[in-house]
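Dear colleague,

Please read them alongside the coordinates.

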Amino acid sequence: MGLLSVGTPLKWEEAKQYANEVRTLGIKYFLSIYKKLKEKENSCLKWGDEVEYLVIAYDDETKNAKLLLNIQEITDELRKEEEEAMKIPNSEETVKTLWRPEYGRYMIEGTPGTPYGGTLKSLLQIEPNMKLRREIISKFLKPNEVAITLTSFPRLGCPGQFLEPHYEPTGPITRSLFVPDEVINPHARFQYLTANIRERRGSKVAINVSIFRDKCTPDPFIDPAIPKDRNLFPEDKEAAEGAALPNHIYMDSMVFGMGCCCLQITFQACNIEEARRLYDQLAVIGPIMLALTAAAPIWRGYLSDIDCRWNVIAGSVDDRTKEERGLEPLKNDRFVINKSRYDSIDCYISTDKTLKPEYNDLDLVYDRDICKKLMDNGIDELLARHISHLFIRDPLVIFKERMDHNDDEDHDHFENIQSTNWQTVRFKPPPPNSNIGWRVEFRSMEVQITDFENAAFSIFIILLTRVILSYGLNFYIPISKVDENMKIAHKRDAAMSEKFWFRKNVFADGNIPDDGNITQENENLSIPDKEALDSSNNSRPNGHADTNESISSVEDEYEQMTINEIINGNGDKFPGLIVLISRYLESVNIDVETRCQLAKYLEFVSRRAKGKIQTTATWIRNFVRSHPKYNNDSVVSQEINYDLVKMVEKIQKGQVAVPELLDCFKV
C-alpha cells in the first residue's frame, strides 16, 4: 500500500504545518531524479503482479466465517524467511515470493520474489508462483483458517461477530459505528492515515452504495443496523444528520475501501517516453478491466446494486474538506477538487503525437507555482501539469524524523504524496540508487477467486502492453469519456449489459499493420525496431490517415461498444484486443507448447467477455439469491456468508466444478 516509513507520526494539527515543506522537498527530489535518469534506458521488459489476500477463521459450530486479525504475526514470520534467504548467495534464485502488510489487519500482499523476465515463457511462471504463495501462507494457518482472494468481505461491519477475535466498534481512531480500530494494521502509518483523513476532512468519510432491490427488500430501505442513540464521539450524529442516505448501504470508515483486495501489475518500461505512453493507453483500458473483473456486489451484509469496489475505496479515503468539495466557498483551502485522491486519472501525459489537446478535456486543477518551477527546470508542460496536479494534495502522514531528511536522494517526501494519489494507473519514477527504471502500475482490476483467473488477466494485460507498443496502437478518447466509463463499470452486470466509450480505429486505416514490422528472432517481449515504430507513429500523428485529419473531429473517433466487441471484435468494424494479441503471438518465434498454454489463458478472457463465463460479482450474487436461507430481502446472513466463503475456498482449491464461473478450465 505504498510507503511504510518508521518514526514518530504527527497528528493532523501538527502535520499540516509541514505540508508546504513536504511538497517543496518532494518536488526537489523529483527534479533531481528526472535530471539524472530522464535518459535512462532498460533493454528488456521486467514486471510483476501483486495479489492481496483475506485470511479467514471458520467457526463451524455457529456457521460463521470471520476475518482473522493475527495476520501481522504471520507476515512477520514470512518476512523472516525472506531475510534468511537474502543472506544466501544468488538469493534471487532462492526467494520465490515476497510478502508485505496491507491496510487491514486481516490482509496480506504477495508478489513474486523477483520481477519476471521479458520472455513469453516467463508468462507461464505466473500461475505456479501464485499457487506457491497460497501454499506458503497455508503453512502458517490453523486447520480452521484459510487465505482467500475475495475482493471484499461480505459481512465486514455487520452486527454480531465478523472478526476473530471479536472487538466492539468503539475505537477513537476510526470512530466508526460498525468496525473497531483493531481491524486496522497496527503500523503507525495506517493508524494515523485513518485518523488524519477524518480530521482533515472535518468529518468521518461517508460512503453510500445503492441497495439491490429484491422482491422483499423494504421500500424505502432504511438500514436498521445503524445505531441511532450512540453518543461516544461527536461524529456519531452524522449518519442521522444526512450522511446515511435512504435506499443505500452506508459505510463510515476507511477499512470498507482499503480493506478490499485487488490484482495489480507493474511494468518496467524501456524509458520514460515508453512509460508515459503506456500510462495513457492503459488509462483507457482501466474501466474495461474493472468491469470484466467485477467481484464486489456485497457490502456490510447487503446485496448492493453495484459490482465493483472502486467507488467504495474512493469514498473511504476522501479527505477533501467541504470547501474542496465545493460545498462551501473557498476560504481556508486552495482549490475546489472534483475527485477523491483515489480515482481515475485526470490527464494524459505522453509526448506521442497521437495525443491531441482535445483528449485532455477536463478542467485540470493543478498548482501553478509548482508547474512553473518544473517547467523552468526543463520538464515539458504535460508532465509538469501531471505532477503539479498530484501535488495539490496534502501529505496525510508525516513522520517527525523524516523532516530532517531533505537531500536529493531521499524520496520519502515525494512518495508521501505520490503514493497517496491512488489512481487507475500510476506513473512511477525510478527509486534512487537503483537499477530499476521508469515504471507504470495498472491498478483497476479486482482480484479473482482462483490463481488461474488472476494469471489469465495478468497475462492478458502484459501481452496487451506489447501489442500497444509493437503496433503503435492509439486508444485515446477524451478523459471525460474515461470517467464516464468508470461510472458505467460499477453498474450491476456492466460487463454484459452496458456499453463503453472506445476508439473506433486504433490504426491509421483501421487495419492491422504488416507483421513484418514486428517479427522477432526470438520470444523476447521487448519491442524491436523502435525507431521504425516511432517513425510510423509520427507519420500519422492522430491515429488516422493524414488525408482525413483536416475533416476528422474528435467526436467521430470513438463510439460506445460492448466489452465483447472491445475484447473479441466486431467483424470488420473493430478487430478486438484478443485478435491483436493473437496476431502478435503469431508474429514471434514461440514454441508450440508455450503458444498453447498462453492460448488457454486468452481463451478464458475471451469467454468472460462474451458472457460464456460469469464475472465473479454475478456468480456471488447468484449464489446468494439461490441460497435456501435467502429471504429475497437483500440481506446476506451469517450462514449464507459462511457457505459462500466455504464455496470460494473449494473453488480455489479445485475441489468443485463451477462451469458458470470457470467453464472447463482447470485450476
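The notes below go from the core to individual elements and then to the charged pairs.

Please keep in mind that this is a predicted model. Its largest nonpolar core has 208 residues, and those with the most contacts inside it are Leu156, Phe267, Tyr348, Phe460, Phe475 and Trp619. Helix α13, which covers residues 451-471, gives the most to this core, with 14 residues. As for Trp619, the residues it touches, leaving aside those up to four places away in sequence, include Ile449, Leu644, Met647 and Ile651, along with Gln614 and Glu660.

Helix α19 (residues 577-587) is mostly covered, eight of its 11 residues being buried; among them are Leu577, Ile578, Tyr584 and Leu585, but also Ser582 and Ser587. The buried residues of α19 pack against α8, α13, α18 and α20.

Two strands deserve a look as well. Strand β16 (residues 499-503) has four of its five residues buried, and five bridges join β16 to the antiparallel strand β17 (residues 558-562), where Thr562 is the bridge partner of Lys499. In strand β15 (residues 439-442) lies Glu441, which is buried at a relative accessible area of 3%. The side chain of Glu441 makes a polar contact of 3.4 Å with that of Arg443, and, not counting residues up to four places away in sequence, Glu441 touches Glu50, Gln264, Thr424 and Arg426, among others.

A salt bridge of 3.1 Å, N to O, joins Asp352 and Arg277, bringing together the loop between β12 and α10 and helix α8, from positions 75 residues apart. Asp352 is buried at 13% relative accessibility, as is Arg277 at 7%.

In the third, Asp367 and Arg334 meet at 2.7 Å, N to O, and here Asp367 is buried, with a relative accessible area of 8%, whereas Arg334 is partly exposed at 40%. Finally, salt bridges that share partners join Arg23, Arg200, Asp319, Glu324, Arg341 and Asp394 into one network.

With best regards

How values were computed. Residues are numbered from 1 along each chain as its sequence is written. This is a predicted model: local features need pLDDT of at least 70, side-chain atom pairs count only at pLDDT 80 or more; totals for chains, interfaces and linings use all residues. Side-chain values use heavy atoms; hydrogens and water are left out. A nonpolar core is a set of buried Ala, Val, Leu, Ile, Met, Phe, Trp, Tyr and Cys residues joined through side-chain atoms within 4.5 Å. Buried means under 20% relative accessible area, exposed over 50%, partly exposed in between (1.4 Å probe, protein chains only). Contact means heavy atoms within 4.5 Å. Two strands pair if DSSP finds at least two bridges between them. A polar contact is a pair of N or O atoms within 3.5 Å; within protein, one must be able to donate a hydrogen and the other to accept it, and residues adjacent in sequence count only if both atoms are side-chain atoms. A salt bridge is a side-chain nitrogen of Lys or Arg within 4 Å of a carboxyl oxygen of Asp or Glu.
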